[in-house]
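Open the model in your viewer and keep the selection panel at hand. The stops below go through one chain, then the contact between chains, then the other chain.

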Amino acid sequence: MPEAAKALCLKIDTEKKREKNLKLKRAVPKFFLNLFMAVILVGISYVILSPLIGIVSHSFMSINDYYNPLVYLIPEQGTLSNYRTAWQQIQYPNSLAYTLILSSVIMLIQTFICGFVGYGFARFRFPGRNLLFAMVIATIVVPVQTFMVPLYGQFRNFDIAGILHLLTGHGANLLNTPVPILLMSVFGSGLRSGLFIYIFRQFFKGLPKEIEWAAFIDGAGPFYTYFVVMLPNAGSAIITVLLFSFVWQYNDVFFASLFMDDSNLLSIQITTLTPKLAQTLQIRDPNQVMLIVHAGVVLTIIPLIIVYLLLQKHFMESVDRSGIVG
Amino acid sequence: MKKKRITLEAREKRTGLLFVLPWVIGFLVFFAYNMAQTIVFSFNKLTMGKNGYNLSFVGLDNFNYAFLKSADFVRTLTESTGNILIDVPLIIFFSLFIAVILNRQFKGRALVRAIFFLPVIMASAAITSALTANLQNMLGGLSSTAAGTDSQQVSGLNIQSIAVMISDYGIPKQLIDFLVGAVGNLYEIIRNSGVQIIIFLAALQAIPGSLYEVAQMEGATGYEIFWKITFPLVSPLIVTNLVYTIVDLYSQSTIIDMEMTTAFTQQNFGLSAAMALVSSAVICLILGVCTSLISKKVFYQT
């Protein structure tokens with residue numbers, strides 16, 4: 001018996017040793033793999049962060065610092081005058097408030113409408129559904145830029161079935177008001193609305209039908225069911241769309257420059273900052289202009305970064321669970 | 001009994017249409033109507049009058065002008081589409097690669113993910129155009145060189161010296177050009193990959209862990225696991241990302257700028273409409289070819 005026990009012990013021992021060896025054998029390539037990944041991640045993070053670091057450091061530099069070859073990243077004669085000039089030139093408090101309000105309103109409208117439409121496409125069978133959904137895909141694929149000229153004309157001379165023409169003889173000029181962007185969002189044709197409809201539709205398709213059946217049997221109508229039963233379950237898709245809609249609207253230049261060229265939207269202000277500084281303020285040194293523009297860029301990014309940091313955790317979790325995945 | 005079922009179906013039809021009605025209106029008023037207008041414009045010469053615009057039919061003149069007389073159009077179009085064709089596979093592979101890495105457990109994953117989402121925020125058209133305008137101001141309006149220096153400046157790489165070094169070893173010039181272009185575009189590629197990374201990440205998270213467990217039990221290597229499990233299961237999303245990337249790159253490309261200046265600076269709306277139609281047709285063709293080629297290889301679970 002002890003013989004057998006001994007043999008067993010020996011066997012277990014060698015097994016353990018072999019396992020240890022195997023672990024060691026695997027540990028070496030694993031270490032290199034991790035090192036490789038760490039190097040790549042750090043490198044790419046650097047590529048992403050370095051322009052940001054450069055911009056932030058420039059924004060605090062005085063022009064003397066910029067010309068001083070000894071100064072690298074950390075300014076010697078730090079100054080806030082770049083920020084002061086940028087702040088005044090882009091009328092920061094005004095344009096920020098305006099941009100934030102417009103972006104939030106658009107964000108809410110887009111989320112509401114696209115969720116509604118997406119639910120319609122996901123759950124109800126009606127004639128021409130597939131054709132209409134193909135058209136949703138078409139609005140994603142065909143860029144707005146293709147028909148920007150008639151779109152511009154449409155809002156320059158806006159009319160509803162010729163009523164305004166009968167009353168005043170010409171249409172209403174809606175340019176340089178937020179109305180065009182708002183109207184387009186309300187009717188689900190706003191900035192990347194097609195994509196949002198797609199996201200919502202995929203998400204609602206993934207939810208079990210039993211929830212609704214239960215609601216229907218209890219006598220709830222389809223709208224009541226949508227708002228009270230389905231929408232609260234769509235939290236992750238909603239957060240995804242909210243964030244993307246807000247960020248894209250905040251950053252949008254295309255619609256803004258097409259419809260609201262004169263407005264004090266932040267994106268327009270920051271784009272026109274360079275010519276403003278060079279021509280209106282007559283700053284002759286282009287490097288000085290650059291430092292001020294970089295301060296303006298920092299001012300523009302900061303609100304978004306704050307929003308993102310606040311939502312980051314929810315956002316990543318919700319992306320993991322939302323219907324982006326087809 | 002039968003009658004009731006029909007009414008239920010009819011009701012479903014009605015509520016369904018009611019739900020999508022806002023979008024249908026928007027689609028007809030803003031998308032379909034204006035697409036039709038664009039097609040009409042492209043065959044006309046459009047002059048701005050006091051009460052709107054006047055159209056005079058010119059047939060194919062606008063298209064003729066764009067293709068045969070305009071100095072820039074064909075060159076810009078080929079250049080833009082060429083750039084898109086080069087960048088798209090790089091962006092797709094890069095974002096898939098990064099998503100796979102970010103999907104692993106490691107310390108500081110939340111921080112790294114936050115950093116990788118930054119381009120979505122930062123690489124906004126507003127900020128890019130502000131910085132480009134600035135660079136043009138510094139270089140005196142040389143926009144074509146501006147784009148090149150921009151990406152090289154920010155990525156802080158001196159690629160040319162490396163390129164010269166490699167060419168000494170007798171590597172074909174075309175390959176070097178491609179590689180140098182890819183490295184020079186590194187920043188652009190990273191900048192344009194934010195959304196794609198998120199989409200791939202979501203797809204990777206959706207793969208059930210049991211599949212990996214089974215594969216490991218059967219003794220599959222990491223390489224096999226990637227190609228036999230991960231890749232097929234995220235492949236539907238490659239199509240989604242492909243479409244998104246092409247559309248995204250196209251909307252940023254120089255051909256769009258050209259159309260905008262033709263329309264709003266030179267006031268030549270007919271020509272701009274013709275250009276827009278041609279370039280959109282080209283992009284749709286590329287999209288169609290790419291998606292149909294890839295769709296065949298895509299693995300669908302059901």
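How many Å separate the centres of domain 1 of chain A and domain 2 of chain A, taken over C-alpha atoms? The separation of those two centres is 45 Å. To see them, select residues 2-67 of chain A for domain 1 and 91-271 for domain 2; such bounds come from an automatic or database domain assignment.

Before going on, note that this is a predicted model, in which local features need pLDDT of at least 70, side-chain atom pairs count only at pLDDT 80 or more, and totals for chains, interfaces and linings use all residues. Residues are numbered from 1 along each chain as its sequence is written, while chains are lettered from A and ligands numbered from 1 in the order in which they are written.

**Chain A**

The average is 82, and 92% of the residues score at least 70. Helices here are DSSP runs (H or I, at least four residues), numbered from the N terminus.

Next select α4(A), residues 92-123, together with α8(A), residues 179-186: their axes come within 8 Å and cross at roughly 20°. Axes are lines fitted to C-alpha atoms, for helices over the stretch in contact, with angles from 0 to 180 degrees between N-to-C directions. The two helices are therefore roughly parallel to each other (angles under 35 degrees count as roughly parallel, over 145 as roughly antiparallel, 65 to 115 as roughly perpendicular and the rest as oblique). Show the side chains of Ile106(A), Ile109(A), Gln110(A) and Ile113(A) on α4(A), and of Ile181(A), Ser185(A) and Val186(A) on α8(A), which make the contact. By class there are five nonpolar, two polar and no charged residues (Ala, Val, Leu, Ile, Met, Phe, Trp, Tyr, Cys and Pro count as nonpolar, Asp, Glu, Lys and Arg as charged, and the others, Gly among them, as polar).

**Between the chains**

Now show both chains. In chain A, 75 residues are in contact with 77 residues of chain B (C-beta atoms, placed from the backbone, within 7 Å). Helix α16(A), residues 286-321, gives the largest share of the chain A side, 14 residues. That side has 52 nonpolar, 20 polar and three charged residues. The model scores ipTM 0.78 and pTM 0.79.

**Chain B**

Chain B averages a pLDDT of 78, with 83% of the residues at 70 or above. Confidence is lowest in α6(B), residues 143-155, at a mean of 42, and highest in α3(B), residues 73-102, at 88. Over residues 141-156 of chain B the pLDDT is below 50, and this stretch has 24 contacts in the model beyond near neighbours in sequence.

Select α3(B) with α12(B), residues 222-252; the axes come within 10 Å and cross at roughly 135°. That angle makes α3(B) oblique to α12(B). Among the residues that meet are Ile84(B), Asp87(B) and Val88(B) in α3(B), and Thr230(B), Ile238(B) and Asn241(B) in α12(B). The contact divides into ten nonpolar, four polar and one charged residue.

Last, select α4(B), residues 109-122, and α10(B), residues 194-205, whose axes come within 8 Å and cross at roughly 135°. This makes α4(B) oblique to α10(B). Phe116(B), Phe117(B), Pro119(B) and Val120(B) of α4(B) make the contact with Gly194(B), Val195(B) and Ile197(B) of α10(B). Six of these residues are nonpolar, one is polar and none is charged.

Note on methods. pLDDT is the predictor's confidence in each residue, from 0 to 100. Two residues are in contact if their C-beta atoms, placed from the backbone, lie within 7 Å.
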